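Biologist: Can you talk me through this one? I would like to hear about the helices and the charged pairs.

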Amino acid sequence: MKSNPATENLTRGQRILFAVLWSLCSLTARMPVWYRYYLLKPLILSLMFLMRYRRKVILQNLQRSFPERSHKEHCQIMRRYYGILAEVIVDTISLTRARPDNGFPYIRFRNTEEHIAQLGEQDWIAMASHYGCWEYLPMWSWFDPTLTFMGVYHPLTSPLFEAFYRRLRAFSPNIEQIRMKECVRYYLRNRKQGDRHYLIGLIADQNPGRRPDSHWFSFLNQDTVFFDGAEKLALRFSLPVFFVHMERQKPGRYEAWFEMIYDGKEQVEEGEITRRYALRLEQMICRKPELWMWSHRRWKSKHREEDLPVMPLS
């Protein structure tokens, strides 16, 4: 088995479980497409329905986000979401066999050559979200071999699954996985070294810890706080920022493209880059709501009187 630095912190028992888990997923990934998406996916979906997986959380999130829709419509979105979530699990398992020499069956990026030419050797930031199969984004490193993909992540509470995802995301030598709290120091140490440049990839729609200076937005009809790490990095180092659009084509296949929301030079007010991100994310979710991760407890933080005022998105 390919060495995985993340397993160094596992106990002997956890390493055995990791080896079994990885082997099973790798075996499943070798199976033909019809088996993975037309036999395994329905099985996972059936288990979710039987377990009523986070049904209360999902419906509550949908009801608050789309109050104008009926309960029946909320349930329809939830059923479609279960199908997408089951599919994303299969997508993730399939990545255990992801190799650039297999071609690019997972994701296609629009205007790849034009985008690379536009940025040259400049570092830049991609603000993604839990929409569709977000694990596909680091595959951009296959399309631009001169680039280092700096994947910023939050550690999982389970050491076993932390090791699994660290190994899963190491499908290219040009991917470096950096913890959120270490990303600024890491970038300061490594920027402008050699002939490589960085793409800093962030999943920016998680629920951050509240701070007195956190910016709040009216997002999906709810007062919402976002991670502002991408904005702080962009303003500090004059980095262009791109919103990642994702579009599902068919099971296991996506098309993505980058939209610039900050050019690295414009003078903007605090919170403006994050607002632009949140606006585009809301628009993308409203077009295909089932592709967003509704089972996440996104709105645990509540706006208080002493917080900064809530900003409208448009």
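Predicted model: local features only at pLDDT ≥ 70, side-chain atom pairs only at ≥ 80, totals over all residues.

Modeller: Residues are numbered from 1 along each chain as its sequence is written, and side-chain values use heavy atoms, with hydrogens and water left out.

Biologist: Which residues of helix 1 are buried?

Modeller: F18, W22, C25, S26, T28 and A29 are buried (under 20% relative accessible area; exposed is over 50%, partly exposed in between, with a 1.4 Å probe and protein chains only). Down the axis of helix 1, the buried residues fall within an arc of 155°, so they line one face. The arc is taken from the directions from the helix axis to the C-beta atoms. Helices (H or I, at least four residues) and strands (E, at least two) are DSSP runs, numbered from the N terminus.

Biologist: And what is on the other side of helix 1?

Modeller: R12, I16, L17, L24 and R30, which are exposed there.

Biologist: Switching topic, how many salt bridges does the structure hold?

Modeller: There are 14, each a side-chain nitrogen of Lys or Arg within 4 Å of a carboxyl oxygen of Asp or Glu. One of them pairs R248 with E87, with the closest N and O atoms 2.8 Å apart. R248 is in strand 8 and E87 in helix 4, 161 residues apart.

Biologist: Is E87 buried or exposed?

Modeller: E87 is buried, at 0% relative accessibility, while R248 is partly exposed at 30%.
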